[in-house]
Amino acid sequence: MARRRHSKRRRRGGFFYKLLSILVICGAILLAVTLFFRVNTIEVTGQRRYSEEEIREASGVQIGDNLYLLNKYDVANRIVQNLPYIESIHPYRKLPDTLVIEVTECGKPMAVIQGEGAWLVSSQGKIVARITEAEAAEYGVISGCELLAPSVGTPIALATEYLTQQTSLIDLLTALETANLTDDVQNIRLDNLSYLQMDYTDRFTVRLAYGADYPWELQRLVMSLEKGAIQSNMTGTFDLQSNAEEVYFIPNLR
C-alpha cells in the first residue's frame, strides 16, 4: 500500500512539473513577443487618391506598437471609416518589424444630385463624398431615385419599395467598373419601374432589365458595337432586355 501511494505521489509530481514547464515556456514566448516584434515600419501599397501618411494616420498604428498584439480588423475598420474612397484593406505582418497595409480604392464614382448638392457613389454602393451640383458635371449621374439619410462613408439606401432598383444599380455599377466602362456612361436612370436606362458614349440609350446579368449584358453591348454594323455617325437605343443572342438596336431617325 505504501509503495502504491508513493507511486501516485510521484505521478502527481511529474504532472505538475510538466504543467509548470509548459506555463514557463508559454510565458517566455509571450514575453519574447511582447519585448520584440515591435512595429518599426508601416508600408502602404495600392493607394492613389490618399497619401501613405494619410493611411498610416487613419490606421491608428504607432511606431513601437506590438506587431502581434495589433487587431488587424480594427486597423482596417479605422481606415475605411476615415478614408471613404478605400473599399478594401488587407493588413498583414512582415517579420520582424513591418506592418504592410494593402488598400484598394474605388474607381470613378457617379453622382446622385439631391438637395443643394450631390453625393458621389462608388461601384460598391458606398457614398464617398459630398460635392456641389456644379462639381457633379465631372461625373456620370444617377437619376430617378432619392437617397435616404445619405452620409459620407455609408452604403446608399433607397425606400423599401425600390429595393430591386437599389440592388440592380449596385450590380450595374460594379459591372461597369470591372469592365472599365464607367467613364463611358453619362447617366443611369431608375425612373422607369419596368427597366433601367443608361446613356452610353453620348450616342446611345441602353435599356437593361432589373436583376439582369450585367457583366454579360455589357459584353453583348460591346460586341455589338465592335461588329461594325453600326456606323460611327449613328445614334439610337440598344434594348438588352431580351435574352436572345441578337441585340435589338433602334436607330434614331434624322
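**Figure 1. The largest nonpolar core has 35 residues.** Within this core, Ile142, Leu172, Ile188 and Met198 touch the most other members. Two or more residues each come from β4 (110-114), β5 (117-121), α4 (163-178), β8 (185-189), β9 (196-200), β10 (204-208) and α5 (214-226). Helix α4 gives the largest share, six residues. Another core, of 27 residues, lies apart from this one and includes Val39, Val44, Leu70 and Ala118. A nonpolar core is a set of buried Ala, Val, Leu, Ile, Met, Phe, Trp, Tyr and Cys residues linked through side-chain atoms within 4.5 Å. Buried stands for a relative accessible area under 20%, exposed for over 50%, and partly exposed for values in between (1.4 Å probe, protein chains only). Helices (H or I, at least four residues) and strands (E, at least two) are DSSP runs numbered from the N terminus. In soluble globular proteins, nonpolar side chains tend to be buried together.

The model is a predicted one, in which local features need pLDDT of at least 70 and side-chain atom pairs count only at pLDDT 80 or more, while totals for chains, interfaces and linings use all residues. Residues are numbered from 1 along each chain as its sequence is written, and side-chain values use heavy atoms, with hydrogens and water left out.

**Figure 2. Met198 and the residues it touches.** Leaving aside residues up to four places away in sequence, Met198 touches Leu172, Leu176, Val185, Asn187, Ile188, Phe204, Thr205, Val206, Leu208, Leu218 and Leu221. A contact is a pair of heavy atoms within 4.5 Å. Ile188 is also the bridge partner of Met198 in β9.

**Figure 3. Strand β9 pairs with β8 and with β10.** Two strands are said to pair if DSSP finds at least two bridges between them. β8 and β9 run antiparallel and are joined by four bridges; they form a hairpin with six residues between them. β9 and β10 are also antiparallel, over five bridges, and Gln197 has Arg207 of β10 as its bridge partner. The hairpin of β9 and β10 has three residues between its strands, and Thr201 in the turn has a positive phi of about 55°. Four of the five residues of β9 are buried, so this strand is largely enclosed by the rest of the structure.

**Figure 4. Helices α4 and α5 pack against each other at about 50°.** Their axes are 9 Å apart. This angle makes α4 oblique to α5. The contact involves Ser168, Asp171, Leu172, Ala175 and Leu176 of α4, together with Tyr214, Pro215 and Leu218 of α5. Axes are lines fitted to C-alpha atoms, for helices over the stretch in contact, and angles run from 0 to 180 degrees between N-to-C directions. Angles under 35 degrees count as roughly parallel, over 145 as roughly antiparallel, 65 to 115 as roughly perpendicular, and the rest as oblique.

**Figure 5. An open sheet of three strands has the order β1-β3-β2.** The pairing in this sheet is mixed. Its edge strands, each pairing on one side only, are β1 (41-45) and β2 (86-94). From one strand to the next, the twist averages 20°. β2 and β3 (residues 98-105) pair in the antiparallel sense over eight bridges; Ile86 has Glu105 of β3 as its bridge partner. Helix α2 (residues 52-59) lies across β1, β2 and β3 and runs at about 120° to β1. Helix α3 (residues 72-82) lies across β2 and β3, at about 145° to β2.

**Figure 6. Leu95 and Pro96 are joined by a cis peptide bond.** The omega angle of this bond is about 10°. Pro96 is in the loop between β2 and β3.

**Figure 7. Ala149 and Asn180 have positive phi values.** Neither is a glycine: phi is about 45° for Ala149 and near 55° for Asn180. Ala149 is located in the loop between β7 (141-143) and α4, and Asn180 in the loop between α4 and β8. Ala149 is exposed, with a relative accessible area of 73%. Asn180 also counts as exposed, at 66% relative accessibility.
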